[in-house]
4 protein chains.
Amino acid sequence: FLDLYGKKVVVAWPDEYVLNITDPSIEISVKPKKPYQLVSNEWKKDPTKVKVKDVEIGDNKVIVAAGPCAVEDEEQVITVAKAVKRAGASILRGGAYKPRTSPYSFQGLGEKGLQILKRASEETGLPVVSEIMDTRDTEIFKKYVDMMQIGARNAQNFDLLKEVGKAGLPVLLKRGMANTVEEWLLTAEYILLEGNGNVVLCERGIRTFEKATRFTIDIGGMVAAKLQTHLPICADPSHPAGKRELVHSLALAAVAAGADMLLIEVHPHPEKALSDSEQQLTPESFEVLMNRIKALANAIGRTA
Amino acid sequence: FLDLYGKKVVVAWPDEYVLNITDPSIEISVKPKKPYQLVSNEWKKDPTKVKVKDVEIGDNKVIVAAGPCAVEDEEQVITVAKAVKRAGASILRGGAYKPRTSPYSFQGLGEKGLQILKRASEETGLPVVSEIMDTRDTEIFKKYVDMMQIGARNAQNFDLLKEVGKAGLPVLLKRGMANTVEEWLLTAEYILLEGNGNVVLCERGIRTFEKATRFTIDIGGMVAAKLQTHLPICADPSHPAGKRELVHSLALAAVAAGADMLLIEVHPHPEKALSDSEQQLTPESFEVLMNRIKALANAIGRTA
Amino acid sequence: FLDLYGKKVVVAWPDEYVLNITDPSIEISVKPKKPYQLVSNEWKKDPTKVKVKDVEIGDNKVIVAAGPCAVEDEEQVITVAKAVKRAGASILRGGAYKPRTSPYSFQGLGEKGLQILKRASEETGLPVVSEIMDTRDTEIFKKYVDMMQIGARNAQNFDLLKEVGKAGLPVLLKRGMANTVEEWLLTAEYILLEGNGNVVLCERGIRTFEKATRFTIDIGGMVAAKLQTHLPICADPSHPAGKRELVHSLALAAVAAGADMLLIEVHPHPEKALSDSEQQLTPESFEVLMNRIKALANAIGRTA
Amino acid sequence: FLDLYGKKVVVAWPDEYVLNITDPSIEISVKPKKPYQLVSNEWKKDPTKVKVKDVEIGDNKVIVAAGPCAVEDEEQVITVAKAVKRAGASILRGGAYKPRTSPYSFQGLGEKGLQILKRASEETGLPVVSEIMDTRDTEIFKKYVDMMQIGARNAQNFDLLKEVGKAGLPVLLKRGMANTVEEWLLTAEYILLEGNGNVVLCERGIRTFEKATRFTIDIGGMVAAKLQTHLPICADPSHPAGKRELVHSLALAAVAAGADMLLIEVHPHPEKALSDSEQQLTPESFEVLMNRIKALANAIGRTA
């Protein structure tokens, strides 16, 4: 029995003995012809709003989460947290456990990084989202963060999806860089099947032949997903851009296409950053971007 | 000697005898370390405005070209031409020579199709853009159209690029579906090297693994191109969408990211269209879209 | 009425008036549910052998075409032609009209290049294959070459496909770098529909995210094509390799997977080549490769 | 201090205090300009042979691992194990923990599956390789299997790579479906940095636009990797094929290109398989394939 969106749900195959369930308070969700069910907006027609503390993702306001790629030290994080809050961000992002392509790259501060994020959250009131990489870490994350992020490289780490589903915190679920929209929706289905319906889908760029950008932001795939699911959609313009100069345009394009949330990397001194130094915005540039996002949101009947 | 943007230009290798040219009215453009030169905004810093009759592409106004995928008959074209003009389009698009994947699909009306476009142009005052596929057809096109389009499948048909360069009419140059941004810019360089600087670059979606959309509109690649060239940029949201429901969002995303022009398929009865019936908008839907584009353009300091 | 493989064929839609044709010598080929028909091995079950002068492609012997990427001068071509013949090649390849990504790269010698190929052919007895790029050039090619090649960048230049179909010479049809197997087969269908059945399909690598090789040789796609068509299949290991060191392994893999023909770039002094200098083999390396191909062909019941 | 290939190794940055190490038995491996070091054949010039019980991978003999996609029951596994052994396979493969795209697909028998594999191993003498998905499972795997497999979807699950590195068993490391050759080598570097040098790299197909096959087997990428590393290379022809009819050709191509090992799915009744039913070979077809592999291996100076 799943307890999902205030309902009791049984996901069943047509040939199972669910027909004997006579309790009218239980909804029987027969496994569909489509490969996914619980994430589908045919099953749940009203858009889901995901609450991260008192921030609501999926409502009229476009929510912006901002902060450094990696937590480096307390001063860095608190400086950025205050700056992005002032500019209009609603959530603080920061990586403590870092999935790095090379074992010789900075691997993150681990639990110490989460503690720094927690302190920055207390100081600013911003809830915190951070990436979890290991099934063994859910308890640690529950102590420090308000939303768990699944990164692109673990998007099909199915055991991690299940553990994060059980942990119950809201989830920011990135699309794997080679996952189709259907596969992406199915990774969310894994989480919902554990009874955790607070999932935000995050487009962060796919792998293509093009090398002028780090990844190819798939605005079309993001829109296609939105047409099929009740879950809110986030876009990360920083990783596909790879270069600072592109971030504003990609962020604005995502909002224009209907994104409910943005995830943006901001660093007090990008050129000194221990990771992603090419693509992080300065606080000043972020403030300019926020103003552009607000103007655009207004023009399409939303706020930011 | 190229006559380009009002200057006399010689493109030369450093080791050539261009040093003997002493005429101060001639600009010597030494072949650069970058693979392209004439399209680069390092060489020509001011953005180029391409004039198609009295429509200016690359100025503050976002120009919209709209019309059917394929010219089917005169009534169809004139009906659509009037409707898209009323809604705010500035250019009429329509295919007379159609590059179809299958030899069994409708191949277009050929010259008769161009004549119909010409008549619709005369009736509405809208200039016409249409795709040319064969090096032997430039004279025919010069009789009927105001702008020649190079399609994605002929993007690296270098003999066609040269002929279109010589023909002198403004060119709408689509990006090949597997071309990098650098390769795309080099296809424009072929045209400029013939002395024709009136080129608009058009992003129309690249081939990726994703099948939820027909092609993957590469908003990032479009922005990356814009950062490197003085030529105006167009986006075609219809072909990457593949489905009507996605067209509005992709069009808005492209404008938000900085597109100077949009190319949109509109058909009076899309469900009866002889090609691309899934992705063409009705005139009513196009009018709604134009209003959304205008509101968005205003929010980012442009008009439409 | 097509005259194809010794039969008279009418390709028709089921609803057309072909039912009135009572001449028993005419085969009526009703347009199929599959997107292609004439290239399908459901329609023509026996494998097609394509004759280029007295060389038969599609028979038990694996045919190797070798020669320089670009024709540079007569000595270069004749030196290579003799060397590759001695090593066991059956066809001479060489580019006279070159589809170059950059307009600043060597564009080929044009008709003069074809004349050089013709002389090398006369000297060695090897038939010649060379790439045609422009619909206006079929008559010139018919004077000098024995097989016309359609390159990857013109794979969906449909007017060129039709002209080459009409010209009647055997065709080496490369797969476009972003074409699916189905689209590739349809480009051949265009040629067969002009009554020219002498088409060899050539896999030359597709565009993917991988940059360790120039293109990704799609051995799987080549095999998938072979399972669906009666036409012979060629593989070009030189272009996907991009680097000399990879060419042997890719050539052997293609033969092991069932290729009927190989197309290999050989240059007397690769390091001085005007194009593709990284991937051309020396005559010595080519001879070693031919010996490896012969041993492998024997092991799988073929010759080379 | 790593203990790797019989040496004591320190991986260091040039600016670290490794210069004070004067013990001549310790090799100081300064972090290189290339992104990887320990996997490079510049650092270790002799090819590594990975021992799985008494089977040696990377020697002259092409090693074949075969067995069902998923362990379903004891009879199934033992039947297949005996059949593949008889035909010439040296290792038994089988999935107990299954990374399935959909949560509604068969997820594998878990530890019970490993027990069945262990029994089949005891009965036939074949060592066993099976996929591990969760960092918490290394102790269980050490009880039952002889080689741990990292699947494509966990190829950049860096915590899992580290745990498997620590566990010490030989590793079959699949390439992520969107990983470049360089990224693939770096995932192996993660394992070697834990002191575990027994890694076999496995190409299993990458994600591309082509849908005629399930994935695109990247023979070129496999060869490019082999040119850069001392580690043995395996190819999995079953997953990229997606269809039984293609498996033979892809297996032969991989051997011809230099693969040291093959991983092939075989099921007693493929049509009834709980997963991958389209691509598993029957025991009879596998026996035919083994004979073809042996003939081919002989022709290129190897055995199988």
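**Exercise 1. A charged pair across two chains**

Which residue forms a salt bridge with R136(D), and how far apart are the closest N and O atoms?

*Solution.* Before we start, a word on the model: it is predicted, so local features need pLDDT of at least 70, side-chain atom pairs count only at pLDDT 80 or more, and totals for chains, interfaces and linings use all residues. Residues are numbered from 1 along each chain as its sequence is written, chains are lettered from A and ligands numbered from 1 in the order in which they are written, and side-chain values use heavy atoms, with hydrogens and water left out.

Step 1. Recall the rule: a salt bridge is a side-chain nitrogen of Lys or Arg within 4 Å of a carboxyl oxygen of Asp or Glu.

Step 2. The partner of R136(D) is E163(A), with the closest N and O atoms 3.2 Å apart.

Step 3. Now count: the interface of chain A and chain D has 4 salt bridges by this rule.

**Exercise 2. The interface of chain A and chain D**

Describe this interface by its contacts, its buried area and its residue classes.

*Solution.* Step 1. Contact means heavy atoms within 4.5 Å. By that test, 35 residues of chain A meet 35 residues of chain D.

Step 1. Buried area is the accessible area (1.4 Å probe) that two parts lose on being put together, summed over both. Here chain A and chain D bury about 3200 Å², and carbon and sulfur atoms hold 53% of it. On the chain A side, the residues that lose the most area to chain D are T101(A), Y104(A) and R136(A), together 23% of what that side buries.

Step 2. Look for polar contacts (a pair of N or O atoms within 3.5 Å; within protein, one must be able to donate a hydrogen and the other to accept it, and residues adjacent in sequence count only if both atoms are side-chain atoms). There are 23 residue pairs in polar contact between chain A and chain D, both residues being at pLDDT 80 or more.

Step 3. Find the elements. Helices (H or I, at least four residues) and strands (E, at least two) are DSSP runs, numbered from the N terminus. Those giving two or more residues to the side of chain A that touches chain D are α4 (158-167) and α5 (181-192) of chain A.

Step 4. Sort by class: Ala, Val, Leu, Ile, Met, Phe, Trp, Tyr, Cys and Pro count as nonpolar, Asp, Glu, Lys and Arg as charged, and the others, Gly among them, as polar. The side of chain A that touches chain D then has 14 nonpolar, 10 polar and 11 charged residues.

**Exercise 3. Checking a helix**

Does α8 of chain C end up mostly covered or mostly uncovered?

*Solution.* Step 1. The expected span of a helix is 1.5 Å times one less than its number of residues. Helix α8 (residues 244-257) of chain C has 14 residues and should span 20 Å; the end C-alpha atoms are 21 Å apart, which agrees.

Step 1. Buried means under 20% relative accessible area, exposed over 50%, partly exposed in between (1.4 Å probe, protein chains only). α8(C) is mostly covered, with 12 of its 14 residues buried; among them are L246(C), H248(C) and A257(C).

Step 2. After α8(C) comes G258(C), whose phi is positive, near 115°.
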